[in-house]
Amino acid sequence: MIDLELREPAHLVSRKARVYWTVRALPGWLLIGAIEVFGLWGGDAPAGVVAGLVAPTAVIALVHLIVMPQWRYRVHRWEVTDGAVYTQSGWFTQERRIAPISRVQTVDTQRGPFEQVFGLSNVTVTTASARGPIKIHALDVAVADHTVGWLTERAQLSGGDGT
């Protein structure tokens, strides 16, 4: 019997994740800023009112775009051992999960358009858990591909039926 312990996984995600998370958050802030600026100017609001509303939004956006990626990078971790898959994710609300290798049913990769631009991939480990799959986000493509192959091999060797 392998001893499974809820602990901080050993590996950080790709360093490129910080830039990726920043770029993914930027369009939302640009849209909010554009709505504020055009909505206020279109309504003939005085320049002082426009600046008084847009400036705090710009400061909050800047803080978010600087702090969030760094914070998430420090929190998001993963590890695969002979006995289990460990993940830790989030930034305000953080979650740690463990899936025993014997419970693994499928292992998949996913790469959206932004992930492809940054050379990143996500790994999804589906288990027999009602809690849903375990996801490892923002891995380098080569690391993700290796992890999927390794996990698939280990799941087959475990002799379990995934349930």
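1. Valine 104 sits in strand S5, residues 104–110. Helices (H or I, at least four residues) and strands (E, at least two) are DSSP runs, numbered from the N terminus. This is a predicted model, in which local features need pLDDT of at least 70 and side-chain atom pairs count only at pLDDT 80 or more, while totals for chains, interfaces and linings use all residues. Residues are numbered from 1 along each chain as its sequence is written, and side-chain values use heavy atoms, with hydrogens and water left out.

2. Valine 104 is buried, at a relative accessible area of 9%. Buried means under 20% relative accessible area, exposed over 50%, and partly exposed in between (1.4 Å probe, protein chains only).

3. Two strands pair if DSSP finds at least two bridges between them. S6 (residues 120–127) and S7 have five bridges. In S7, lysine 135 stands opposite threonine 124.

4. The whole structure holds four aromatic pairs. Rings of Phe, Tyr and Trp (its six-membered ring) pair if their centres lie within 6.5 Å; planes under 30 degrees apart count as stacked, over 60 as edge-to-face and the rest as tilted. Tyrosine 20 and phenylalanine 118 are edge-to-face, because their ring centres are 5.9 Å apart and their planes stand at 70°. Tyrosine 20 is in helix H1 (residues 17–42) and phenylalanine 118 in helix H3 (residues 113–118), so the pair ties together parts 98 residues apart in sequence. Tyrosine 20 is buried at 4% relative accessibility. Phenylalanine 118 is buried at 17%.

5. Tryptophan 91 and phenylalanine 92 are stacked, because their ring centres lie 4.5 Å apart with planes at 25°. Tryptophan 91 is partly exposed at 22%. Phenylalanine 92 is exposed at 63%. Trp71, Trp91 and Phe92 form one aromatic cluster.

6. Arginine 18 lies over the face of tyrosine 73, 4.3 Å from the ring centre. The criterion is NZ of Lys or CZ of Arg within 6 Å of the ring centre and within 35 degrees of the ring normal.
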